[in-house]
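Have a look at the model first, then try each task before reading its solution.

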Amino acid sequence: MKDAFGLPQSLLVLGGTSEIALATVRRLVARRTRTVWLAGRPSPGLDTAAEQLRGLGAEVRTVAFDALDPESHEAALGKVFAEGDIDLVLLAFGILGDQAHDEREPLNAVRVAQTNYTGAVSAGLVAARSLQAQGHGSLVVLSSVAGERARRANFIYGSSKAGLDAFAQGLGDALHGTGVHVMVVRPGFVRSRMTEGMEEAPLATTPEAVATAIELGLRRRSETVWVPGALRVVMSALRHLPRTVFRRLPV
């Protein structure tokens with residue numbers, strides 16, 4: 001069960017090698033979390049992440065999970081929930097893709113959409129049902145400010161995150177009053193392996209800063225978290241700009 005501050009004693013990460021997710025887990029283990037499940041494709045990276053968290057004092061187990069195989073999600077997550085209650089599910093998988101390349105190779109664009117949206121819909125619904133069955137818990141969904149308004153530079157990724165964001169908001173409304181809390185996290189540009197080599201956007205942040213915001217959001221039982229917070233105002237303005245103006249912006 002969660003502690004008096006709303007922080008989890010047990011958690012499941014969907015996307016177990018995500019830098020943001022692992023920064024969040026490290027922060028929560030330093031507080032109270034003791035049981036951690038890392039779900040992802042079996043790999044040395046997943047094993048290394050598990051060992052590092054064990055070194056911090058957590059009991060860590062891994063489970064095979066593939067976002068692109070929705071038919072396996074119920075069995076994979078069922079294995080975790082069969083071992084005991086999970087206080088927090090962190091949905092953190094996703095791929096950025098290569099916009100210029102993916103426009104020329106539609107199947108690559110489809111893979112971005114299937115990973116970021118279709119896979120998340122499947123895993124999110126399975127996780128939500130399990131949380132609801134146990135009567136408590138939080139589902140934290142890593143969205144992106146890219147989903148607020150499609151930009152020429154990354155509209156394939158942005159559209160997948162827009163779908164994910166809308167899905168997570170609707171799921172939160174559907175679960176209101178059930179004891180299950182859904183929180184959507186909208187980071188801006190995050191300095192990570194995924195963005196290495198890319199030109200840094202204004203108001204760039206780090207996995208550790210996102211982790212801090214997630215912890216605060218859990219304590220407050222927030223429904224939406226922007227990282228950094230100033231992006232909420234910036235994106236509100238950009239979202240309402242006329243398209244003729246928006247097209248001329250260097251974004």
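**Exercise 1: the pocket lining**

Sort the lining of the second largest pocket by class.

Solution. The lining has five nonpolar, seven polar and three charged residues; Ala, Val, Leu, Ile, Met, Phe, Trp, Tyr, Cys and Pro count as nonpolar, Asp, Glu, Lys and Arg as charged, and the others, Gly among them, as polar. This is a predicted model, where local features need pLDDT of at least 70 and side-chain atom pairs 80 or more, while totals for linings use all residues. Residues are numbered from 1 along each chain, and side-chain values use heavy atoms, without hydrogens or water.

Next, find the centre: Gly-172, Asp-173, His-181, Val-182 and Glu-223 lie nearest to it.

**Exercise 2: who supplies the lining?**

Find the element that gives the largest share of this lining.

Solution. Start with helix 6 (155-175) and strand 6 (180-187), which each supply at least two residues. Helix 6 takes the largest share, with five residues. Helices (H or I, at least four residues) and strands (E, at least two) are DSSP runs, numbered from the N terminus.

**Exercise 3: a serine and its partner**

Is Ser-138 buried or exposed, and which side chain does Ser-138 join in a polar contact?

Solution. First place Ser-138: it sits in strand 5 (residues 137-142). Ser-138 counts as buried because its relative accessibility is 1%, and buried means under 20% relative accessible area (1.4 Å probe, protein chains only). Then look across to His-181, whose side chain makes a 3.2 Å polar contact with that of Ser-138. Such a contact is a pair of N or O atoms within 3.5 Å; within protein, one must be able to donate a hydrogen and the other to accept it, and residues adjacent in sequence count only if both atoms are side-chain atoms.

Key. On a 1 Å grid over the protein atoms alone, a cavity is a set of points where a 1.4 Å probe fits but cannot get out, and a pocket is an open set with protein on both sides within 12 Å along at least five of seven lines; lining residues have an atom within 4 Å of a point. Buried means under 20% relative accessible area, exposed over 50%, partly exposed in between (1.4 Å probe, protein chains only).
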